[in-house]
Amino acid sequence: MHGIKRKEWTKELLRKKREEERQKILDYQQLTNDVLNSKRERITDKNAFLKTTKLLDINPEFNAVWNYRREIIKTLSLQLDENFWDSELNFTMEKLKVRPKVYWIWNHRLWCLQSYPNSPLKIWLKELAIVSKLLEMDSRNFHGWHYRRFIVKTVESLSGRSLNSDEFEYTTKKINQNISNFSAWFQRTTIIESMLSKDQISDMDSFINNEFEYIKNAIFTDAEDQSVWTYLIWFIKESAMKNIMEPELYSNMVKALIENIVLINDDELSFSGKDNGWCLKTLIVLESIQKEYLKEDIQSKSQEYLDKLITIDPLRKNRYLHQLKNL
Amino acid sequence: MGQKELLKEKHINYVGSLDSKKADLEYWLSEHLRLNGVYWGLTALHLLDSIDTFNKEEVIEFVLSCWDENTGGFAAYPRHDGHLLTTLSGLQILATFDALDRLGSEKEDRLVNFVLCNQKPDGSFQGDSFGEVDTRFVYTALSCLSILNKLTKEVVDPAVEYIARCYNFDGGFGLNPEAESHAAQAFTCIGALAIVGKLDTLTNDQKENIAVWLSERQLPEGGLNGRPSKLPDVCYSWWVLSTLAILGKADWIDFSKLTDFILNCQDPKNGGISDRPDNEVDVFHTVFGIGGLSIMGYPGLKEIDPVYCMPYTVTKKFQRSYAD
């Protein structure tokens, strides 16, 4: 159980609850028994289908019943038209609205789309719009983002057209709505890698520069949020862009980031009297790039940063001690 | 804060009473999690050194009654469908009671076959024939085979390659390649590598990067979250801390603050542990809270094996390597 407040059950409350539930339990047991028996007897008629609807309305997490429902639908599939599949998609949507984190329901929905007569492009495009709606309700829903990637891949394969630039814009939109949406930042990393590998960026210099400005803007907007810092480290250390840039340009970019981050940290220091942990952690990464990758001769402050981190972020003290040893 | 204690007796009573809640609708609505629930409860009791709270013979009979003749795996409950998740729970329970032989060789062969049949050409595993692929199932599959001493190079090598593809730049793992990092997936991926003795396929930089990402999961209130900017939750005391422990870096988070957070999630009246303070308790958070405390060396608890989420006394018999 996640996120449900604990309730004080007095004897009286418990008695009332149990009295209210007694009949519900009996009905539920009978329905479950009925459905599981017809499942065992492999009955796959309309009536059995309706019973699964009734049971899933009460308990949308009952995976064996979703499985059985698919078996029934498969047997009846020749008699089923698009109206049926549309209503089945509606049924799963009702359930997802109540239980957006149940794997079985997402799976069933995906199966419906794949089994839809001829599985045309238009239903997948419609689904893309639907998943955008779902991600408006909860912009970090892990299942929603996973599902979106799957839908996008299918649309791409059916249409023969890459959706990278649309999806790139989508992540910009989601990040602009909420800069702490790491799901969107993460998605952006995979889309950029894919754009690079497919040679989809026509003006590389301006693309890299725009991304650099976007990051700079973000760290000035919210220097407390780890999403942006994680993305920054990906951009400068892990992404394929690093290998594309001229060494001099790359070195200047690292320097510029360091200057800006020092500025942000100094501001915070004078404002609150405390260093910003993420600034220090990122500076350490940038210095290691200068030393180990660019082989630049710099006055490293990493030791000082780690000493400060031990004080301002004691939760992770042992990690910083370990890093100090390995400097 | 700091003075709370683990309410051992209350938790034992709570877990012991789970099967007597048949007058509550929730009991019936959670039937699809029953076999997992028995494993969670049994492991919690084992860590609390109170395994006799459950009737051994009844529990073994229940596990065997969950056998699904159609798939050749265990289901969550009689007449439900076999799935890798519940198949592992069934084996874990039998192993805990040292009763794996009760399965019989015919069923054991079918079960191994069920696990192997769910491996895909890219090394990943689906949970059942309905095709959901997730790094959770790589872990469950390899854990099942390890418990039954059936790990082979043919299964392990592609699985390890698949896990490598799920590693992300930030030091986490996704449920599939290109999926966002999630702490539960860090456990399933690192745990799976540990089971098959393949942690050395990760570079030292990667291991450090993973430990850094995991250590960032601790929040100022002491609890751990599963992804950046999410709320803390007791179950991550297991997923995050066990993974750090496997990597030999458990102390990269603050034990005393996490201990306080877990203890504050206890129901002081009826026992059990919840996801966050003052929330409704359940057996899932109870075992993972106690498991986290065990890793941190909380006094009076049995020592838990972070790889299998079972006491070492049970897992020492499991297969950890295989002939090349």
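# Briefing on the chain A and chain B complex

The contact between the two chains draws 43 residues from chain A and 38 residues from chain B. On the side of chain B that touches chain A, α2 (25-29) and α10 (204-215) of chain B each supply at least two residues, and α2(B) gives the most, with three residues. This is a predicted model, for which the predictor reports an ipTM of 0.95 and a pTM of 0.96 for the complex.

**Interface and confidence**

- The residues of chain B on the side that touches chain A comprise 17 charged, 13 nonpolar and eight polar ones.
- Chain B has a mean pLDDT of 96, and 98% of its residues reach 70 or more.

**Annotated regions**

- UniProt, in an unreviewed entry, lists residues 6-310 of chain B under "domain: Prenyltransferase alpha-alpha toroid"; in the model this span is 49% helix and 2% strand, and its end C-alpha atoms lie 19 Å apart.
- For chain A, the UniProt annotation "coiled-coil region", also from an unreviewed entry, covers residues 4-31; over these residues the chain is 75% helix and 0% strand, with 27 Å between the end C-alpha atoms.

**Helix α6 of chain B**

- Helix α6 (residues 105-117) of chain B has 13 residues, which at 1.5 Å a residue should span 18 Å, and the 18 Å found between its end C-alpha atoms agrees with that expectation.
- Leu111(B), Phe114(B) and Val115(B) are buried in α6(B), and because they cover an arc of only 95° around the axis, they fall on the same side of α6(B).
- The elements that cover the buried residues of α6(B) include β2 (73-74), α5 (84-96) and α7 (135-147) of chain B.
- Ser105(B) and Glu106(B), by contrast, are exposed on the other side of α6(B).
- Glu106(B), which lies in helix α6 of chain B, counts as exposed because it has 9 other C-beta atoms within 10 Å, where the cut-off for an exposed residue is 12 or fewer.
- The C-alpha atoms of Glu106(B) and Gly222(B) are separated by 48 Å, the two residues being 116 residues apart along the chain.

**Helix α11 of chain B**

- Helix α11 (residues 235-246) of chain B, with twelve residues, reaches 17 Å from its first C-alpha to its last, which is close to the 16 Å expected at 1.5 Å a residue.
- Twelve of the twelve residues of α11(B) are buried, so this helix is largely enclosed by the rest of the structure.
- Among the buried residues of α11(B) are Tyr236(B), Trp238(B) and Trp239(B), together with Cys235(B) and Ile246(B).
- These buried residues of α11(B) pack against α9 (183-195), α10, α12 (255-263) and α13 (283-295) of chain B; α10(B) also supplies at least two residues to the side of chain B that touches chain A.
- Gly248(B), which follows α11(B), has a positive phi, near 75°.

- Most residues other than glycine have a negative phi.
- Lys295(A) has a positive phi, near 55°, in a residue other than glycine, and it lies in the loop between α14 (277-293) and α15 (302-312) of chain A.
- Lys295(A) is exposed, because 7 other C-beta atoms lie within 10 Å, and the cut-off for an exposed residue is 12 or fewer.
- Asp49(B), likewise not a glycine, has a positive phi of about 60°, and its place is in the loop between α3 (34-47) and α4 (56-65) of chain B.
- Asp49(B) counts as partly exposed, because it has 13 C-beta neighbours inside 10 Å.

**Arg99 of chain A**

- Arg99(A) lies in the loop between α4 (82-98) and α5 (103-115) of chain A, and with 14 C-beta neighbours inside 10 Å it counts as partly exposed.
- Once its neighbours within four places in sequence are left aside, Arg99(A) is in contact with Pro60(A), Glu61(A) and Ile105(A).
- Arg99(A) and Leu128(A) are 29 residues apart along the chain, and their C-alpha atoms are separated by 19 Å.

Definitions and conventions:
Residues are numbered from 1 along each chain as its sequence is written. Chains are lettered from A and ligands numbered from 1 in the order in which they are written. This is a predicted model: local features need pLDDT of at least 70, side-chain atom pairs count only at pLDDT 80 or more; totals for chains, interfaces and linings use all residues. Two residues are in contact if their C-beta atoms, placed from the backbone, lie within 7 Å. Helices (H or I, at least four residues) and strands (E, at least two) are DSSP runs, numbered from the N terminus. Ala, Val, Leu, Ile, Met, Phe, Trp, Tyr, Cys and Pro count as nonpolar, Asp, Glu, Lys and Arg as charged, and the others, Gly among them, as polar. pLDDT is the predictor's confidence in each residue, from 0 to 100. The expected span of a helix is 1.5 Å times one less than its number of residues. A residue is buried if 20 or more other C-beta atoms lie within 10 Å of its own, exposed if 12 or fewer, and partly exposed in between; C-beta atoms are placed from the backbone. The arc is that of the directions from the helix axis to the C-beta atoms. UniProt positions are given in the numbering used here, feature names are shortened, and annotations may be inferred rather than shown by experiment.
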